[in-house]
Amino acid sequence: MRRLAGYALAAVLAPLFTVLLAILRGQLNPVADGLAFVIAVIAVALAGEAARHAAQAAAAIAAAEPIAEADRLRTVLLAAVSHDLRTPLAAAKAAVSCLRCRDIQLTADDRGELLATTDQSLDLLTHLVASLLDVSRLQAGALPVFPRPADLGEIVVRSLDAVGPQARAVRVGVPCELPQVMVDPVIMERVIANVTANALRYSPGGSPPLLTACAHADRVELRVIDYGPGVPEADRDRMFLPFQRLGGIDSTIGVGLGLTVSRGLTEAMRGTLEPEETPGGGLTMALSVPVAPGSAQADHDAPGRHERGGSGSTRHQSGCAAHPSVVRF
């Protein structure tokens with residue numbers, strides 16, 4: 001393209017100088033005429049050289065950007081590994097060492113506490129390593145995703161079970177008549193669990209998160225609503241970058257990959273995950289996924305629906321709990 005521009009410049013300058021010299025005929029001598037053409041040739045050559053150098057500089061900058069980003073991620077990853085992975089490792093190692101030490105007299109309660117510490121530390125390590133692997137696979141485009149028709153209500157139940165006992169406080173309203181969604185159920189569970197756990201972390205006491213869902217044309221939208229401190233609009237894109245932690249509560253826990261992985265997994269299922277401000281204060285995560293092809297809205301009296309009771313247990317329900325159009329968990 002730049003070479004063509006140089007040819008075009010040469011093609012324009014030659015006739016332009018010819019016309020100009022014809023107008024000035026008699027005022028310039030042949031030497032001056034030749035010198036003018038030489039100047040024109042030099043100008044074209046300099047323009048071509050400048051364009052070539054500009055192209056080389058642009059290519060060098062483009063090649064340096066991914067290298068710089070990789071270096072930045074490597075630096076942050078090393079910092080994360082040095083703290084977030086080493087801390088649970090140290091806790092698990094100390095607990096196991098105490099359990100194996102014959103010189104320490106341990107009661108049954110002591111042993112139970114040390115075993116619980118070891119279990120929690122290993123769970124955290126498993127989660128952190130899985131998140132790191134997911135980010136690597138997402139960036140490489142190598143994470144397997146198998147979307148198929150699935151029931152969103154059932155996925156939400158399993159997601160809350162995965163979050164743990166603290167999820168019992170979460171309020172959920174999912175219409176029974178929602179159409180099936182086209183997602184990978186296992187991956188969808190992870191996304192909902194990640195986003196819900198994040199909402200629980202930042203929710204004030206007495207104001208637990210709320211999960212609601214609705215259908216719009218060929219999409220189903222699940223909204224995870226919290227009433228915590230929220231996130232300024234200017235920081236909402238940055239919160240999805242790797243190794244970013246939201247300030248405030250428990251900001252030193254984790255490597256800051258939960259939302260990165262959640263958005264990447266959602267997009268792998270042809271969905272979107274976008275943050276919004278909760279009316280009155282807080283953060284709402286809007287998760288939108290495709291409706292399964294040919295899926296009709298379900299009959300709200302169909303058997304096999306689920307309800308989460310106050311104890312956190314899950315049972316089959318032949319209908320929709322307190323409200324005829326909403327499943328209550």
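## Surface and basis

The chain exposes about 18,700 Å², and carbon and sulfur atoms supply 61% of that area. Areas come from the Shrake-Rupley method with a 1.4 Å probe. This is a predicted model, where local features need pLDDT of at least 70, side-chain atom pairs count only at pLDDT 80 or more, and totals for chains, interfaces and linings use all residues. Residues are numbered from 1 along each chain as its sequence is written, and side-chain values use heavy atoms, without hydrogens and water.

## Overall build

The chain has 6 helices and 10 strands. Helices (H or I, at least four residues) and strands (E, at least two) are DSSP runs, numbered from the N terminus.

Of the 329 residues, 35% count as buried, meaning under 20% relative accessible area with a 1.4 Å probe, protein chains only. Take contacts (heavy atoms within 4.5 Å). Among those between residues at least 6 apart in sequence, 67% join residues at least 24 apart.

## Helix H5

Helix H5 covers residues 185-202. At 1.5 Å times one less than its number of residues, its 18 residues should span 26 Å. Its end C-alpha atoms are 26 Å apart, which agrees. In H5, 14 of the 18 residues are buried, so the helix is largely enclosed by the rest of the structure.

## Confidence

pLDDT is the predictor's confidence in each residue, from 0 to 100. Its mean over the chain is 75, and 63% of the residues reach 70 or more. Among the elements, strand S3 (residues 181-183) has the highest mean, 96. Strand S9 (residues 314-317) has the lowest, 35.

Over residues 298-329 the pLDDT is below 50. Beyond near neighbours in sequence, this stretch has 69 contacts in the model. Where pLDDT is low, the predicted coordinates should not be read in detail.

Key. Buried < 20%, exposed > 50% of the residue type's maximum accessible area, 1.4 Å probe, protein only.
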